[in-house]
Amino acid sequence: MMETLEFIKERQQAVEHGLRHGIYRLEIFRADKFGIVEPSPFDVLEFANAYVNTGGALFLDLLVAAGGTAFNNANAFIGVGDSSTATTAGMTDLQAATNKLRKAMNATFPSRSGQTMTWKADFGTSDANWTWNEIALFNASSAGTMLSRGIPGSPFTKTAGLSITAIYSIPIP
C-alpha cells in the first residue's frame, strides 16, 4: 500500500512526540438515488492518530485488570466531528461544537486477528454529513473515555450520497 505524503508527515510528527498508535481507515462507498450503497469502496483514506492521556491511562488499567469501562462491543463508539484543532494529549472529547456524532460498533467488533485489534462502525447516508476533520474512539455513547484522536491529512466532506465504514486498528508488534 502506498502511503500519502500527509500520512507520512503526520505519523512522523506523532512518533516524535511519542504519541502515535494505531491507524484510522475510512472506506468510502457511493449510494445511488435510491440509497443503495455500492458493494465496494470507491476511495479509502488512512491516517495516524495519537493516544490521549485519559485513554492511555485507561488502556493500561484495563491491561492489568485495575478497573474501568472496556472498549468492547457494548461500549465502544467511533466518533467524528468537524473541528480541525490539532490533537493534544490532554483532550477528552471531539473538539467540534455541534457537528459531531458517535456511532456504535458493528456486530462482532471489536475483533482481534493475530496481534491486531480492530473496531468498526458504519456511518450511513444520513449520518454526519459535514466536513470530517477529526475522528476518535470512545468507550461510551456520550462522555466516557476517548482512547485516541486522529485528524485526516486533508479535510473530507461527507454527503448524503456517501456511506462510510470507519475502522480503527491497533497492531501490537
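The buried residues of α2 pack against β10, where packing rests on contact, meaning heavy atoms within 4.5 Å. These buried residues of α2 are Gly 55, Gly 56 and Leu 58; buried means under 20% relative accessible area, exposed over 50%, and partly exposed in between (1.4 Å probe, protein chains only). Seen down the axis of α2, its buried residues fall within an arc of 165 degrees, so they line one face of the helix. The arc is that of the directions from the helix axis to the C-beta atoms.

The model is predicted: local features need pLDDT of at least 70 and side-chain atom pairs count only at pLDDT 80 or more, while totals for chains, interfaces and linings use all residues. Residues are numbered from 1 along each chain as its sequence is written, and side-chain values use heavy atoms, with hydrogens and water left out.

The protein as a whole has two helices and 12 strands. Helices (H or I, at least four residues) and strands (E, at least two) are DSSP runs, numbered from the N terminus. Along the sequence they follow the pattern α-β-β-β-α-β-β-β-β-β-β-β-β-β. Of the 173 residues of the protein, 40% count as buried. Among contacts between residues at least 6 apart in sequence, 70% join residues at least 24 apart.

In soluble globular proteins, nonpolar side chains tend to be buried together. The largest nonpolar core here has 33 residues, of which Ile 78, Trp 119, Trp 132 and Leu 137 touch the most other members. Such a core is a set of buried Ala, Val, Leu, Ile, Met, Phe, Trp, Tyr and Cys residues joined through side-chain atoms within 4.5 Å. At least two residues of this core come from each of β1 (23-30), β4, β7 (116-123), β9 (134-138), β10 (146-150) and β12 (162-171). The most is given by β12, with five residues.

Just after α2, Ala 65 takes a positive phi of about 55 degrees. Val 64 is placed in the loop between α2 (53-63) and β4 (77-81), and because its relative accessibility is 60%, Val 64 counts as exposed. Gly 67 lies in the loop between α2 and β4 as well; at 37% relative accessibility, Gly 67 counts as partly exposed. Leaving aside residues up to four places away in sequence, Gly 67 touches Leu 58, Asp 61 and Leu 62.
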